[in-house]
Amino acid sequence: MRRSSSQPTRLTNKADRAKMLRSVGQTVTVVPSQVGPEFEMKRILDAVGPRHALVIHDEDKDTYWVRGLDIGKEDLKLRLNSQSSGNFLCREVGEDAQDKEETNRLMRELTRHLRNETLGRFNDLPFEIMERVLKACFEGLSSPEAYVKMLHKLYWLGRRSRDVINSLPELWTKIHPTSPSGFTEYSLQQATAYHISVYYSPKPNRSIEPSSPEEQWQDFHKFLRLIKPQRAQWERMDMEVTPESLASLTTALESPSPNLRSLFVTVTAAPWSNSLALPMVPSLRAQVNRRLNLLGGEQKRLQHLGLKNVPGRFDPTAFPGLVSLSLADGTRMRYTEITAFLGSSTSLRALSLVNIRWLDHLPAPTVSDEGLFLPQLKDLTLVEFLEHTGLTNLLYLIDIRACDKLHLRTLATVELLGQRLAQKVVPIVEKTLATQPRTSLDIRHHSTSGEMSWEGRKTSQDLNGEEKMGFHIGFSSSNPRRWDQLGTFVKRVLDLTGQTNSISLDWNGPYWLRTGPIMAVPILSAEILRQLDITNVSANVAEGYLGYVKDFLIDDLEPRFPHLSSVQLRYIPDSQAIIQHCAWAQHTLESLLNNLDQVYGQTTVEGDLFEEASMIISVFKP
């Protein structure tokens, strides 16, 4: 293998440079009175003691840099001057006006010395200790790219470290395009007896943080040719590709892979995901209607499957043993296929279907239908943004009493008015409220639609940092008359649970997005929400539009929300909002605070709405 060119003495970040500058500040320059072989470094060491100073020869100027190891700079200069006997004199580093590069030369030498000294101590460690140290270097790395870069660094650290990692083939089991093809081939040779995890993503655009000149990134097709012969070793495939590379990847995935446990495919910047994109060329249009024959229809050991923005036809019935299935953004399926898959699944723990292009319609099951019982299902996500094709009917078909997490987002706003959906989600809402009695309402309004969601989640997290239990139920609609239905739905569900619940309201409005500025319009009915126990309100406001906030919180000098404890306001400047000419536009911040004091009791204010763009009003409860 050829080592890529690098500069080991280069300071790669501000912290390293600041540390080195401090070291330079503790160093003095020793200039011999007689330049030549007659002067020996031993005279400097005799003056300060060999254990008390580091001496580096500046070959460019034939001078010496001296830095104290356990003595301060002033003590160092005192010892040198008292023992010089006219053989040398001392000055500050960089004091010579004719030598403007002295500081940079010293920094390079100090960096090289520190690296060699550290590496020397490391190489003296026993082989077994070095194994443990090098293994620890990979713990906590955030990404496969970081893992492979660490492997690359340790390989070039020195012969001793290279011998150690070559004796640990399990460290070579992650393959990523950030390393050159020769290094990938070497990794595959080292891990011959092990299963491997393969990751690919297009080279990132590092416009904010430019990549180093040495950074390499393999072309996808070359990368694919390297890994295909190791198909029997594949254990995890996490592939992010461009539309032009999708056909090559799906073709490579058509053959069985006996040891593959996890397969995730994501397509980036796909024209089929953007309705405003230009017409696709025939080669890309063919991807949309292509039938995905993953792994030749043989599940083998596959447990986790995820497809995102992959537009082909997919039938999951060939993989009944999956533990998790995640399909998102454009995958084409039939409800008959997904129901057949669910009917035969016994190990499924997580199911996520987001913006599926359904090729048929699922009629609503009758109330008397037993439903599909999935004993292991704990996490269910059903989301539709594109069109309503019966997604809630799929929810009715699944017995979710064993679920701990539910994420539902639907276009079927009429379902919120009935009792069936409320009864369906009651079990998971009850589980969550038993551990976390506070939930949140999020209301956002766009130019032609409104989005509302109700969320509750348990505060404790699992080993992956995710909530073990919770729900997120939302809908979107372009009909303003339906924007209050979520409040009615929440009240109905809470009545069914029989539990009390305090609610935080995040109110992203009332603003109507137009080309250019934002127009403020009333869109939220306090009459619906006052049926709920709102304790916290977070809202966007514009100067001159605070009267709407006042009318939302106060009803004829009576509190609309008796248990309100805090109001957080986020300011939108006048330059970004068009205010309707009405009584609301005459209300000031001072009058709002006076009204809150009068109705809710004593209040305290943190921050300045117009100076700091936010403020928190806390209501004192005796």
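1. Let's start with a helix pair: helix α5 (residues 127-136) packs against α7 at an angle of about 80°, and their axes lie 10 Å apart. That makes α5 roughly perpendicular to α7, a label used for 65 to 115 degrees, with under 35 degrees called roughly parallel, over 145 roughly antiparallel and the rest oblique. The axes are lines fitted to C-alpha atoms, for helices over the stretch in contact, and the angles run from 0 to 180 degrees between N-to-C directions. Helices themselves are DSSP runs of H or I with at least four residues, strands are runs of E with at least two, and both are numbered from the N terminus.

2. Before going on, a word on what you are looking at: this is a predicted model, where local features need pLDDT of at least 70 and side-chain atom pairs count only at pLDDT 80 or more, while totals for chains, interfaces and linings use all residues. Residues are numbered from 1 along each chain as its sequence is written, and side-chain values use heavy atoms, with hydrogens and water left out.

3. Back to the α5 and α7 contact (heavy atoms within 4.5 Å). From α5 come Phe127, Met130, Glu131 and Leu134, and they meet Arg160, Ser161, Asp163, Val164 and Ile165 in α7. By class, that is five nonpolar, one polar and three charged residues. Here Ala, Val, Leu, Ile, Met, Phe, Trp, Tyr, Cys and Pro count as nonpolar, Asp, Glu, Lys and Arg as charged, and the others, Gly among them, as polar.

4. Helix α7 has another partner. The axes of helix α6 (residues 144-157) and α7 come within 5 Å and cross at roughly 130°, so α6 and α7 are oblique to each other. On the α6 side, Leu151, Leu154, Tyr155, Trp156 and Leu157 meet Ser161, Arg162, Ile165 and Asn166 of α7. This contact has six nonpolar, two polar and one charged residues.

5. Which residues of α7 are buried? In this helix (residues 159-166) they are Ser161, Val164 and Ile165. They cover an arc of only 90° around the axis, which puts them on the same side of α7; the arc is that of the directions from the helix axis to the C-beta atoms. Buried means under 20% relative accessible area, exposed means over 50%, and partly exposed is in between (1.4 Å probe, protein chains only).

6. Now for a sheet. Four strands form an open sheet in the order β2-β3-β1-β4, with antiparallel pairing. Its edge strands are β2 and β4, each of which pairs on one side only. Neighbouring strands are turned by 30° against each other on average, direction ignored. Two strands pair if DSSP finds at least two bridges between them.

7. Strand β3 (residues 63-68) is mostly covered, with five of its six residues buried. Strand β2 (residues 53-58) pairs with β3 over six bridges in the antiparallel sense, and His57 has Tyr64 in β3 as its bridge partner. The hairpin of β2 and β3 has four residues between the strands, and Asp62 takes a positive phi near 55° there.

8. Strand β1 (residues 27-32) is joined to β3 by four bridges, and the two run antiparallel; Val28 stands opposite Val66 in β3. Another five bridges join β1 to β4, again antiparallel, and Val30 stands opposite Cys90 in β4.

9. Asp99 sits in the loop between β4 (88-92) and α4 (102-123), while Arg105 is in helix α4. Is Asp99 buried or exposed? With a relative accessible area of 6%, Asp99 is buried, and Arg105 counts as buried at 8% relative accessibility. Not counting residues up to four places away in sequence, Asp99 touches Lys61 and Arg105. With neighbours within four places left aside, Arg105 is in contact with Asp58, Asp60, Lys61, Trp65 and Asp99.

10. Arg457, in strand β19 (residues 450-457), counts as partly exposed at 44% relative accessibility. Its C-alpha atom is separated by 9.2 Å from that of Pro437, 20 residues apart along the chain.

11. Finally, the overall view. The protein chain has 19 helices and 30 strands, and buried residues make up 46% of its 622 residues. Of the contacts with a separation of 6 or more, 69% are between residues 24 or more positions apart.
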